Amino acid sequence: MKKNRWKIILIIISIAGALWYLYPTYKDIQYQKKLSELKGEDSLKFVQQNIDDIQKVKQKRIKLGLDLQGGMYVALEVDVVKMLDNLAKNKDETFRQILAEVKKEALVSEEPATSILLRKFQEKGIRLSRYYGDIRQSDAEIISELEKQAEDAVDRALEVIRNRVDKYGVAEPSIHKQGANRIIVELPGVKNREEVRQLLQSTAVLEFKLLKPVDVTIKVMQSIDNYLAGKGISDTTDTSQVALKSDTTKKDTIKTIASELGVDTATAGLDEFEKFKKEHPFFAYVRVDEQTGIGFVNARDRRIVEYILSRPDVKNLIPPDFEFVWSAKPFTAQDGNQYYNLLAVKKDPEITGKVITEARATIDPENNLPIVIMRMNSEGAREWARITGANINRHIAIILDGTAYSWPVVRTKIIGGSSQIEGLDSPEEARLLEIVLKAGALPAPLEIIEERTVGPSLGEDSIQKGLNAALLAFALITLFMIVYYSTSGIVANLALILNIGFILAVLAGFNATLTLPGIAGIILTIGVAVDANVLIYERIREELSVGRTLRSAIDEGYSKAFSAIFDSNITTFLTGLILYNFGAGPIQGFALTIMIGILANLFSAIFITKVLYDILAEKYQAVIKFG
Amino acid sequence: MRFIGKTNIKFIEKRKFWYAISAIVILAGLISLIFRGIPLGIDFLGGTEVIVRFEKPVSIGEVRNAMAQIGLAKSEIKTYGSRNEILIRTSEQAEGTKISEMISSTLISKFKDNKVEILNEEKVGPRIGAELRKKALYTVILSLIVMLVYIGLRFKPIYGLGAVVALFHDVLVTLGFCSIFSAVPYLNIEMNQTLLAALLTLVGLSVNDTVVVFDRIRENLKLHKAMDFIALVNKSINETLSRTIITSGTTIMVLIVLLVVGSEVTRGFAFALIIGMITGTYSSIYVASSIVVDFTLARQRKAEKEKLLKKQPIPAK
């Protein structure tokens, strides 16, 4: 017992750890059950009350792959050939012919379309500058510029898609770049394929919209607040109470709001907050800067405010030329919370992004601060001069697909179409704005090159069948082990249960995804996991048959069987590793469960059972039987 | 309880006979692979695949007629899972997701009185398919090389070679069986990522039995230095026979459960692994061990010959 003390402590810690990681999954299933029972307002209220916990467990639970919960997997690729076509100037018959050849080859070849283009041109002895760039540029320069364009297009599309998917309201979407010009989008639980395709492929709309004057904005917000509080619309509220005094920076504003209301941190202020919420159901969530009319909404309250604003009766209170838009990214205030801005803008755009010819993030040479330079075509420049001239000192929001990325103040009338946007927090923010400003005109459309959609009913079916198979496999194996190895079978079964628990816990802990092949992997692990115990027990039987005592037979069995167990597990682990590097989503899920299963198996089937036998052999020798 | 007690089966002596059996099975599989092959799944083929569930059963013919009208007469159409579920697959490529849109809208308009639910929809571009095919081949070869190196290092190079020949044998036999049994619709066998996962898992698992036998040979070599090598290998196989059969047995048992009870998607996977596990158990004895015996004997003979040559007195001039 004593020599195993540390081992026992380690085992207890790992079991406790496994339970700790599995608990959110259990809790999330409970919440889902509860939510499916509630309806409409009730469920919203329930979510509102438990929002922190619901979100927390959701993030920490075992994720289900698209093949299990249904959803869409889409791989998009920049259509480089189309981009080459769009960007070329002085197109003639020769060019069209070459491009047609490039298109044909690019469809099956792994060679990038740009280098196919270059090769074709070189074969024909034509310089690229005839169609791209300017006459002084070499072929290599033009090609690298074209490649840059393609990559830019991907970054742009990535931002556009992220923004749209966020707004579409998909839970836990995964959007990432793969290689130089591919985007992988995974949208769990999405049902409407048509809508998603539209979402991913339609051209982005970039607009410049004027912010509404402060008094108008506050008046509209007040009427919403009054209406929600059950007061008459004409009822006037003391504005000083709700519209907070504006500070120089937004961060300070938030700090004062938070401390005045004691929203999140102080529990003492909670009752006061509840009282305030009853009287001002809207302003309790949306705080307004008195000078600019810009609202601040805590990130976790955003859904609630969205819901309020989407209610048809509330919509009636909003004037027809008036529109609320959200900021694209939340910012972290001094109180440590994330806040979104809620802007009230004029519905009709002043100008659209189509007139933008260039946007470039750079550094202001005078003060080394990040800025973005934006240029417009001549038609746009004329319009822009008129707009800026008429709205000096007002904010103009830059809105992409209905989300505001920046709302700079107009300083002077801008003539000539070249504007400079200042006051950006970081070079990253400047780069993002550059991407957004360029997104209006897409020279390189995206094409769906791979799409997999799993309907939710197939997913449910798969889970059910997988679960049934796992339970039956488990029952058969445990029964066999008990019949064949008697009490030692029970020890092996205990190890098996722990093994499965560890696999699931590790999946949850590492934020990995459980897929249908992953379930198959767990089922396979059930069959393979007992191998280690079989090897050990057979060895022990052998040692017993040559007349060893129980104690020494156990020790010998474990030590002699170890090398075979180790080698055979390592080989399987290695193939798992190779498979993981090969496969896509579902197959990676399989490889992962196999690998985790092997590690968990070495721990539970060898380490834990050995400690168990040590304890049993010392105190209850009579119980130990090997069949 | 005990299935197999002490045995003394002369495995190695009969190896020539089993070599022949293996060769025949592999040959049959190869013939099927060459003439029938294994139908490519959507991952490797590229194209569009739609699985739909009808409210009421429909005949394949009706669906085929509907497909013929939109110019997809050549597509593969079969039942999937239950009789109400139909899989339609075509290697036809078009821009974006046009084909699947065409298929689903045609089905919905053709079968107005029969509600159509789309279970699964996949489109794979031609380049993705080609990429995956290449990657899959590399992956299988890489896994075999890794096994060769690992077993070669842990035991002796000859053992690594024996294990890998056995693995190659298992993969070939499994592929052959998959090709032959791809005619059975229930099994859903096609060359896709899941089947590739089965092949790789098979490489990992089937080497397990081999390792157990090799491990015992290594141990016995230390204990019985003077023993004849064939007898020693035979003894090792007999000693480990019981555990070899039980460990493979438990794995095959869960795989049968997965095949019968599990989802349609993993059926082909389970089938391939069942064949692979059975072959793997057999080949650890009759292929891996036998090859090690043949190589070792050949080397011994060669060494003896050289010894004899050296011992020959140099003829005097």
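Which strand of chain B pairs with β18(A), and in what sense? In this predicted model, the partner is strand β4 (residues 116-124) of chain B, and the two pair in the antiparallel sense over five bridges. Strands count as paired if DSSP finds at least two bridges between them. The model scores ipTM 0.87 and pTM 0.76.

A quick word on conventions: residues are numbered from 1 along each chain as its sequence is written, while chains are lettered from A and ligands numbered from 1 in the order in which they are written. Local features need pLDDT of at least 70, side-chain atom pairs count only at pLDDT 80 or more, and totals for chains, interfaces and linings use all residues; side-chain values use heavy atoms, with hydrogens and water left out.

**Confidence**
- Chain A has a mean pLDDT (the predictor's confidence in each residue, from 0 to 100) of 82, with 92% of its residues at 70 or more.
- Within chain A, strand β6 (residues 243-244) has the lowest mean, 40, and helix α18 (residues 487-509) the highest, 93; helices (H or I, at least four residues) and strands (E, at least two) are DSSP runs, numbered from the N terminus.
- Residues 233-268 of chain A have pLDDT below 50, and this stretch makes 61 contacts (heavy atoms within 4.5 Å) in the model beyond near neighbours in sequence.
- Where pLDDT is low, the predicted coordinates should not be read in detail.
- Chain B has a mean pLDDT of 86, and 97% of its residues reach 70 or more.

**The interface of chains A and B**
- Chain A gives 70 residues to the contact and chain B gives 75.
- About 6,500 Å² is buried between the chains, 62% of it from carbon and sulfur atoms; buried area is the accessible area (1.4 Å probe) that two parts lose on being put together, summed over both.
- A:Tyr484, A:Ile578 and A:Phe582 supply 11% of the area that chain A buries against chain B, more than any other three residues.
- In the strand pairing, A:Glu451 stands opposite B:Lys123 in β4(B).

**Salt bridges**
- The rule, a side-chain nitrogen of Lys or Arg within 4 Å of a carboxyl oxygen of Asp or Glu, finds ten salt bridges across the interface of chain A and chain B.
- One salt bridge joins A:Arg182 to B:Glu131, with the closest N and O atoms 3.0 Å apart.
- Over all chains, the count comes to 62 salt bridges.
- Inside chain A, A:Asp155 forms a salt bridge with A:Lys177, the closest N and O atoms being 3.1 Å apart.
- A:Asp155 lies in helix α7 (residues 139-168) and A:Lys177 in strand β3 (residues 174-178) of chain A, so this pair ties together parts that are 22 residues apart in sequence.
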